[in-house]
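User: I have a model open here and would like to talk through it with you. Could we begin with one residue and then move on to the whole chain?

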Amino acid sequence: MPKVSIIIPVYNSEKYIKECICSVLNQSHKNLEIIIINDGSTDKSFEIVQTFQDSRIKLLSQKNRGAASARNLGLHHASGELIQFLDSDDILDKDKIKEQITLYNNEKNKDNTLYIGAWNIIKDGKILSPSSNQIEVWHDYDNPMEILLDFIFNNCCMPHHSYMIPQSLIKISGLWNETLSMNDDGEYMARIISQSKKIKFSPRSLSFYRSTPNSLSKRISPKAATSQIKSLIMTSEVLKEYHSPRTQEGIYQMITSNIYKLYPYYRAQRKEGEKYLKKTLGDVPIKYPSLNYKEWLYYILKTLVRQ
């Protein structure tokens, strides 16, 4: 029975960490190594984690360096054949890991295959199904790079906790990029996907993403905008190695859709995106959306306040 290392970075998650850990301890697959990294929490998260008495739990601590750094520390201590990443406010269905282990055991080239599962959203205490465009990628892929392009063209993703990753793919792909604060998971999973030979999907391997007002993905700041553009450029470099008629259009759509969202703010970050597109694709059209009178007024007032 393969051992699975579950890596959970924790930073000020006192409201949700207990439910997260309970969902892990209740897994029907029991051969687990649960690595919890306290990333400099200032609330009661660390104390809550300490109340759990289970020999499978390894509790580590570091100064606040961010989730990517905490995950890398977890990887350094992981001994399982498979890796499960999990954020401290998300949870796993009791059979999430068991269902992906079944796929793993039945796969001939198991250590070169990436395993994904279905996921739902927890918002305001309710469980919601993701939108139809998200579900478009819920199937097997004989060519894993195609899922990256499908993410772009369907405007969707797979949360990193929906994956089960063989340790062998982790070693080839490298560690999380600790310079990124936003979309670090998208960039990391692009590298993992590019090294895999196949993707297997299980509709019964279910996980839950919690949508909260304070989620990192909800915060936009100059640092976050810089990280977003940097991560997309790095992902584009991965995509460039895949020779498909859809690749160039995918890179163009991924970069432009994101710099358009930043408009009219974050000029420096948008220019980085534009510069990369010109270098990679040549003189492609860049057409920012029109702003109405109220949007322009809001932008001017906000700019003046910053000054």
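User: Which residues does S13 touch, leaving out those up to four places away in sequence?
Analyst: Bearing in mind that this is a predicted model, S13 touches D43, S45 and S88 once residues up to four places away in sequence are set aside.

User: And where does S13 sit in the chain?
Analyst: S13 lies in the loop that runs between β1 (4–10) and α1 (17–25).

User: Is S13 buried or exposed?
Analyst: S13 counts as buried, because its relative accessibility is 9% and the cut-off for buried is under 20%.

User: What share of the residues in the protein chain is buried?
Analyst: Of the 307 residues in the protein chain, 52% are buried. The accessible surface of the chain comes to about 15,400 Å², and carbon and sulfur atoms account for 52% of that area.

User: Switching to the fold, how many helices and strands are there?
Analyst: The protein chain has twelve helices and nine strands. Among its contacts between residues at least 6 apart in sequence, 75% join residues at least 24 apart.

User: What about the radius of gyration?
Analyst: The protein chain has a radius of gyration of 20 Å, which agrees with a compact globule, because a globule with 307 residues would have a value near 19 Å. Along the principal axes, the C-alpha atoms fill a box of roughly 60 × 45 × 35 Å.

User: Last topic, charges: how far apart are the mean positions of the positive and negative ones?
Analyst: The protein chain has 41 positive and 33 negative charges, and their mean positions are 3 Å apart.

Key: Residues are numbered from 1 along each chain as its sequence is written. This is a predicted model: local features need pLDDT of at least 70, side-chain atom pairs count only at pLDDT 80 or more; totals for chains, interfaces and linings use all residues. Side-chain values use heavy atoms; hydrogens and water are left out. Helices (H or I, at least four residues) and strands (E, at least two) are DSSP runs, numbered from the N terminus. The radius of gyration is taken over C-alpha atoms; the globule rule is 2.2 Å times the number of residues to the power 0.38. Buried means under 20% relative accessible area, exposed over 50%, partly exposed in between (1.4 Å probe, protein chains only). Contact means heavy atoms within 4.5 Å. Accessible areas come from the Shrake-Rupley method with a 1.4 Å probe; for residues, only the protein chains shown count as cover. Lys and Arg count as positive and Asp and Glu as negative; His and the chain ends are not counted. The place of a charge is taken as NZ of Lys, CZ of Arg, CG of Asp or CD of Glu.
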